[in-house]
Amino acid sequence: MLSGENLIKEYKKTHPGSEKLHERAVKVFAADGATHQSRILKPFRPYITHAKGSRKWDVDGNEYIDFVMGHGTLILGHSHPAIVQAVQEQMAKGVHYGENHELEVEWAELIKSMLPMAERVEFCSCGQEANMMAIRLGRAFTGRRKVLRFVENYHGWADELATLGSAGAVADEVSVIPFNNLNRLEEELAKKEYAVLLTEGGGAHMDGQVPIDTDFVRALSDLAHKYGTVWVLDEVVTGFRDAPGGWQSLVGVRPDLTTLGKCVGGGLPVGAVAGRADIMEGLNPEAPYERRVNHPGTWNANPLLSSAGIAACKLYQGGEPQKVARQRADYLREKGNKILKERNVNGRLYSRTIVHFYVGPIDYEPSDDTMPPTRDIEKIMAPTAAATQGRLCLHLLQRGVATMDGEIFILSAAHTKEDIDQTVKAFGDSVDAMIAEGTLSQA
Ligand SMILES: Cc1ncc(COP(=O)(O)O)c(C=O)c1O
């Protein structure tokens with residue numbers, strides 16, 4: 001059986017080209033040869049040469065069903081024909097005019113048409129830049145400095161966004177509190193010190209590895225306003241992935257500012273802030289000096305990116321790609337959980353178009369598999385769980401399935417039912433191998 005020591009041996013045997021590249025990479029990239037922390041894996045992740053639709057291929061000719069999907073950017077799948085055509089045509093017309101152009105206007109209009117709260121839109125280069133801009137706008141609007149965030153919510157790695165206490169990060173003006181506790185939140189907001197309350201769409205980590213209560217979310221706008229704080233909803237992952245109106249349309253909330261990224265660029269790097277005109281007015285050069293926010297950025301809404309963003313947003317508008325991705329995710333969870341339950345494994349698949357793999361005690365069986373089988377954040381985020389998920393990641397890679405850290409399966413409209421059937425087979429085989437080698441526990 002492909003388990004225990006055999007797994008690493010077999011993996012190395014079938015990935016000699018990737019191993020050679022990894023040996024070169026560790027001499028240039030300090031993070032164990034990787035250029036993003038989620039691409040670190042022992043012994044190494046595969047080196048990819050090309051991708052199409054739901055699949056990607058590595059330097060050794062191994063094929064993978066891809067559930068990393070560009071870290072969540074590719075809800076349309078790899079190299080969607082509409083994006084390829086738009087980018088190829090625009091490439092020939094110019095990548096960067098250093099001037100205003102019609103494409104940026106059209107793109108922002110498309111975003112506005114999907115997000116009712118988007119009275120104004122502003123572009124930047126990635127999701128964390130959007131969060132940085134939203135914080136700056138909130139500070140300029142309120143005249144306050146402090147930022148309030150929730151535990152485990154991810155917004156980027158810049159000073160005010162990083163995990164508190166991270167080496168090198170200066171976050172003197174940031175407080176982090178638990179979520180799903182309105183009294184605790186009100187206690188903090190009532191200090192009337194906070195410019196911004198920054199929260200992640202769907203809950204903490206990639207559309208809700210740790211889900212947030214919808215009743216709690218629905219109270220955020222009024223509570224923030226009661227104490228003069230701007231509520232920023234980070235929809236970098238969920239924006240147009242969960243629905244044409246974003247996660248906020250599913251929950252029925254209206255934040256003051258929404259930050260966007262990932263899917264909005266159709267696979268090219270983007271960030272955007274959308275929201276209330278009075279707050280965004282800080283970007284107007286005629287705003288009073290003490291409220292004025294500068295907004296340079298070499299790559300803001302460049303024509304190449306705008307062409308991809310327009311092509312993608314036109315497809316998102318009708319909601320079809322989101323619907324297909326959700327159907328595939330539902331199918332994966334249903335089949336995967338059947339395997340886990342049959343084997344009596346301490347683990348479940350849950351959430352929406354980004355499927356999370358929970359490893360730990362089953363505290364209750366939720367009524368549907370959008371929720372994890374525990375309410376305990378410590379159990380969901382347990383370091384022991386991460387080790388098990390990492391092992392699953394390697395098992396799945398060796399069986400032709402690429403996930404993020406063995407914890408996240410990111411679905412797209414390009415995944416077919418056959419892809420999911422093949423994935424479920426690989427998942428079942430991996431689970432069996434892990435039970436046999438003793439790396440996955442049973443109840
Ligand atoms: C919710 C959320 N916000 C912000 C970011 C940062 O986006 P970027 O990596 O584009 O800067 C991420 C990245 O994964 C994210 O998941």
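In helix H8, the residues Phe-216, Val-217, Leu-220, Ser-221, Leu-223 and Ala-224 are buried. This report describes that helix, the ligand site and several individual residues of a predicted model.

**Helix H8**

Helix H8 spans residues 214-226 and has a kink of about 35 degrees centred on Leu-220. Leu-220 is also one of the buried residues of the helix. An α-helix has 3.6 residues a turn, so residues three or four places apart point the same way. After H8 comes Gly-228, which has a positive phi near 75 degrees.

**The ligand site**

Which residues surround the ligand? The shell consists of Cys-126, Gly-127, Gln-128, Asn-131, Tyr-154, His-155, Glu-200, Met-206, Asp-234, Val-236, Val-237 and Lys-262. Sorted by class, the shell holds 5 nonpolar, 4 polar and 3 charged residues. Helix H6, which covers residues 127-142, gives the most to this shell, with 3 residues.

| Residue | Protein atom | Ligand atom | Distance |
|---|---|---|---|
| Gln-128 | backbone N or O | oxygen | 2.9 Å |
| Asp-234 | side-chain N or O | nitrogen | 2.7 Å |
| Lys-262 | polar side-chain atom | oxygen | 2.9 Å |

Taken alone, the ligand exposes 390 Å², and the protein buries 81% of that area.

Ser-125 is located in the loop between strand E4 (120-124) and helix H6. Ser-125 counts as buried because its relative accessibility is 18%, and the cut-off for a buried residue is under 20%. Leaving aside residues up to four places away in sequence, Ser-125 touches Pro-269, Val-270, Gly-271, Trp-299 and Asn-300.

His-415 belongs to the loop between strand E16 (408-410) and helix H15 (417-437). Is this residue, His-415, buried or exposed? His-415 is buried, with a relative accessible area of 1%. A polar atom of the His-415 side chain lies 2.7 Å from the backbone oxygen of Asp-66.

Ser-3 is placed in the segment before helix H1 (4-14). With 14% relative accessibility, Ser-3 counts as buried. Although Ser-3 and His-395 are 392 residues apart along the chain, their C-alpha atoms are separated by 7.9 Å. His-395 is also among the residues that Ser-3 touches, the others being Arg-391, Ala-433 and Glu-437, when residues up to four places away in sequence are not counted.

**Lys-379**

Helix H13, made up of residues 377-380, contains Lys-379. Lys-379 counts as partly exposed, at 25% relative accessibility. Its side chain makes a polar contact of 2.8 Å with the side chain of Asp-363. Beyond residues up to four places away in sequence, Lys-379 touches Tyr-358, Val-359, Pro-361, Asp-363 and Thr-374. Between Lys-379 and Gly-347 there are 11 Å from C-alpha to C-alpha, and the two are 32 residues apart in sequence.

**Backbone features in loops**

Lys-42 and Pro-43 are joined by a cis peptide bond, with omega about 5 degrees. Pro-43 lies in the loop between helix H2 (16-25) and strand E1 (48-52).

Where is Lys-192 placed? Lys-192 is in the loop between H7 and E7. Its phi is near 55 degrees, a positive value in a residue other than glycine.

Ala-301, another residue other than glycine, has a positive phi near 45 degrees. The loop that holds Ala-301 runs between helix H10 (277-280) and helix H11 (303-317). Ala-301 is buried, with a relative accessible area of 5%.

Methods
Residues are numbered from 1 along each chain as its sequence is written. This is a predicted model: local features need pLDDT of at least 70, side-chain atom pairs count only at pLDDT 80 or more; totals for chains, interfaces and linings use all residues. Side-chain values use heavy atoms; hydrogens and water are left out. A residue is near a molecule or strand if one of its heavy atoms lies within 4 Å of it. A polar contact is a pair of N or O atoms within 3.5 Å; within protein, one must be able to donate a hydrogen and the other to accept it, and residues adjacent in sequence count only if both atoms are side-chain atoms. Accessible areas come from the Shrake-Rupley method with a 1.4 Å probe; for residues, only the protein chains shown count as cover. Helices (H or I, at least four residues) and strands (E, at least two) are DSSP runs, numbered from the N terminus. Ala, Val, Leu, Ile, Met, Phe, Trp, Tyr, Cys and Pro count as nonpolar, Asp, Glu, Lys and Arg as charged, and the others, Gly among them, as polar. Buried means under 20% relative accessible area, exposed over 50%, partly exposed in between (1.4 Å probe, protein chains only). Contact means heavy atoms within 4.5 Å. The bend at a residue is the angle between axes fitted to the seven residues ending there and the seven starting there.
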